[in-house]
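Subject: Structure handover, with notes

Dear colleague,

I am passing this structure on to you, and I have put my notes below it. Please keep the structure open while you read them.

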Amino acid sequence: MTAAPSPAAAPMVVVRGVDRSYGSGPAAVHALRGVSFDVGAGELVALVGRSGSGKTTLLNVVGGLDRPDSGTVQVAGTVVTDLDEDGLVGLRRDTVAYVFQTFGLVPVLSAAENVGLPLRLRALPVADREKRVQLLLELVGLGQAAGQRPGEMSGGQQQRVAIARALAGSPQLLIADEPTGQLDSETGLAVMALIRAVVEAEGMTAIVSTHDPVMIALADRVLYVLDGRLVEG
């Protein structure tokens, strides 16, 4: 089935007929089966489904971390499925950012240094980089924690740093895979509300996989995944 975007928003993401399987023969796992949907620019879409339904595979295909067996994916006008490896690296550097439930911070770096990593890759001047890092840490409520390392921070604070790092390069699309999966309910609520707020503040589009009803309630739209297919909610 195809889930239509908000009529007021031009599509930021266009997925058509995507299939993805792992293995072959009777043992093959069909992770995605003919998936098609659009996401309008500026939308926050929740991707919902039980473990093993295909959510993570779909996010990886949309973000260029995995390639489908068939079908097409377009992000911000770029046909992701046509890109070579250099093109995919550019997509992940300039257009798409990721937040995972495991945080993925560099332990020996401070919060500010972790957030600044994507800007170092772009060779942004030091003064501009420091200004952007401080702005982002303030945005996620950690302006006073710039010098702390991940091991000195709570899980919720680490996820906030990860979100700030994802925003550093001003991506057009944020992909978050179970971003509150390792957090308690109160902290998870705060992080989910933060994602909602930063999507609006930064003018981004976001696709967030989640089991949490609060995140679902904060989303503009919900896509349900069952056995690799989109289904009616």
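In what follows, an axis is a line fitted to C-alpha atoms, for helices over the stretch in contact, and angles run from 0 to 180 degrees between N-to-C directions. Helices (H or I, at least four residues) and strands (E, at least two) are DSSP runs, numbered from the N terminus. The model is predicted, so local features need pLDDT of at least 70 and side-chain atom pairs count only at pLDDT 80 or more, whereas totals for chains, interfaces and linings use all residues. Residues are numbered from 1 along each chain as its sequence is written, and side-chain values use heavy atoms, with hydrogens and water left out.

Helix packing

Helix H5 (residues 155–167) packs with helix H6 (residues 185–202) at an angle of about 15 degrees, and their axes are 10 Å apart. That makes H5 roughly parallel to H6, a description given to angles under 35 degrees, while those over 145 count as roughly antiparallel, those from 65 to 115 as roughly perpendicular and the rest as oblique. H5 passes H6 in a right-handed crossing, where right-handed means that the near helix is turned clockwise from the far one by less than a right angle, and left-handed that it is turned anticlockwise. On the H5 side, Gly-156, Gln-159, Arg-160, Ile-163 and Leu-167 meet Thr-187, Ala-190, Val-191, Leu-194, Ile-195, Val-198 and Glu-202 of H6, contact being heavy atoms within 4.5 Å. The residues of this contact of H5 with H6 divide into 7 nonpolar, 3 polar and 2 charged, where Ala, Val, Leu, Ile, Met, Phe, Trp, Tyr, Cys and Pro count as nonpolar, Asp, Glu, Lys and Arg as charged, and the others, Gly among them, as polar.

H5 also meets helix H3: the axes of H3 and H5 come within 7 Å and cross at roughly 30 degrees. That makes H3 roughly parallel to H5, and the crossing of H3 and H5 is right-handed. The contact is made by Ala-111, Asn-114, Val-115 and Pro-118 of H3 together with Val-161, Ala-164 and Arg-165 of H5, and its residues divide into 5 nonpolar, 1 polar and 1 charged. Within H3 (residues 111–121), the buried residues are Ala-111, Asn-114, Val-115, Gly-116 and Leu-119, buried meaning under 20% relative accessible area, exposed over 50% and partly exposed in between (1.4 Å probe, protein chains only). These buried residues of H3 pack against helix H4 (126–139) and H5.

Individual residues

Asp-66 lies in the loop between helix H1 (55–62) and strand S5 (70–75), and it is buried, with a relative accessible area of 17%. Its side chain is joined by polar contacts to the side chains of Arg-20, at 3.2 Å, and Tyr-22, at 2.7 Å; a polar contact is a pair of N or O atoms within 3.5 Å, and within protein one must be able to donate a hydrogen and the other to accept it, with residues adjacent in sequence counting only if both atoms are side-chain atoms.

Ser-21 is found in strand S2 (residues 11–22), and its side chain makes a polar contact of 2.8 Å with the side chain of His-30.

Val-80, in the loop between strand S6 (78–79) and helix H2 (85–94), is buried, with a relative accessible area of 3%. Val-80 and Val-61 are 19 residues apart in sequence and 8.7 Å apart in space, C-alpha to C-alpha.
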